[in-house]
Amino acid sequence: FLGHSYNALATLPYRFIVTTAGQVSDETLRNAPKNFRFTKYAPGAELLRHCSAMIFHGGNGSMYQALSAGVPMLAIPTHVEQVLNSRIAARAGFCKWILKQRSATAGFARIVRDIVENDRYRNAARKYAEQVRTINGAVNAANECERIAEGGLENPPSEFNRCVLLRSVVIEARGSSSRLRLRARARARARKSIRERYGYLH
């Protein structure tokens with residue numbers, strides 16, 4: 001994806017900071033346009049405070065970091081979970097998503113420019129920013145798991161919050177904290193309750 005996007009992104013009047021996790025080839029680094037900078041790692045929350053937008057694969061963690069900073073995003077998902085996240089984010093108005101193949105086309109630059117310069121995406125991201133910054137994710141996830149295990153979902157969450165809940169149930173239930181270490185039977189009941197109510201659990 002990265003190398004194929006160079007021609008389009010080199011034409012834009014923006015600086016691109018790329019976090020690579022050491023997974024980008026030397027050749028791709030050498031061929032980068034002048035408006036690209038690379039680092040293996042960076043403090044995402046701090047970096048996003050200075051960004052106009054984020055291009056990412058649609059992962060849950062990165063999405064919430066960007067939302068916390070009120071930053072709009074463009075998702076290029078590579079597997080099913082990321083596609084689900086990207087679709088929900090797009091419906092919420094703070095994200096656009098495209099297939100990886102489109103990053104090599106001339107229209108890619110136009111899509112990126114729209115995310116950066118169209119205020120409606122940033123305004124939508126800011127609408128969720130305070131909620132994401134103040135929510136106590138680990139504790140809330142544990143409470144939801146226990147509530148579901150005890151009696152099911154009496155008040156189903158909104159579609160956007162449903163995504164947050166389902167992801168939290170799976171991630172936090174696997175955590176190492178004793179607070180989140182649900183018994184196997186309770187966890188199975190929680191998953192069954194969600195599946196019966198919504199028909200899926202990713």
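Is Phe16 buried or exposed? Phe16 counts as buried, because its relative accessibility is 11% and the limit for buried is under 20%. The model is predicted. Points on the structure follow.

1. **Aromatic residues.** Five aromatic pairs occur in the structure.

2. Three strands make up an open sheet, ordered 3-4-5, with parallel pairing. Strand 3 (54-56) and strand 5 (95-97) are the edges, each pairing on one side only. On average, neighbouring strands in this sheet are turned by 20 degrees against each other, direction ignored.

3. Strand 4 covers residues 73-75 and pairs with strand 5 in the parallel sense. Three bridges join strand 4 to strand 5. Opposite Met73 stands Cys95, in strand 5. Helix 5 (residues 80-92) packs on the sheet. This helix touches strand 4 and strand 5, and its direction makes about 135 degrees with that of strand 5.

4. **Helix 4 against helix 7.** Helix 4 (residues 60-68) packs with helix 7 (residues 119-134). Their axes are 7 Å apart, at an angle of about 105 degrees. The two helices are therefore roughly perpendicular to each other, since that term covers 65 to 115 degrees. Helix 4 brings Tyr64, Leu67 and Ser68 to the contact. Helix 7 brings Ala125, Tyr128, Ala129, Val132 and Arg133. By class, the contact residues are six nonpolar, one polar and one charged.

5. **Gln101.** Where does Gln101 sit? Its place is in the loop between strand 5 and helix 6 (107-117). Gln101 has a relative accessible area of 59%. Gln101 is therefore exposed, as the limit for exposed is over 50%. Ser5 is 96 residues away from Gln101 in sequence. In space, the C-alpha atoms of Gln101 and Ser5 are 9.7 Å apart.

Key
Residues numbered from 1 in each chain as written. Predicted model: local features only at pLDDT ≥ 70, side-chain atom pairs only at ≥ 80, totals over all residues. Heavy atoms only, no water. Pairing = 2+ DSSP bridges. Helix = DSSP H or I, 4+ residues; strand = E, 2+ residues; numbered from the N terminus. Axes fitted to C-alpha atoms, helices over the stretch in contact; angles between N-to-C directions. Contact = heavy atoms within 4.5 Å. Parallel < 35°, antiparallel > 145°, perpendicular 65-115°, else oblique. Nonpolar A, V, L, I, M, F, W, Y, C, P; charged D, E, K, R; others polar. Buried < 20%, exposed > 50% of the residue type's maximum accessible area, 1.4 Å probe, protein only. Phe/Tyr/Trp six-rings, centres within 6.5 Å; stacked < 30°, edge-to-face > 60°.
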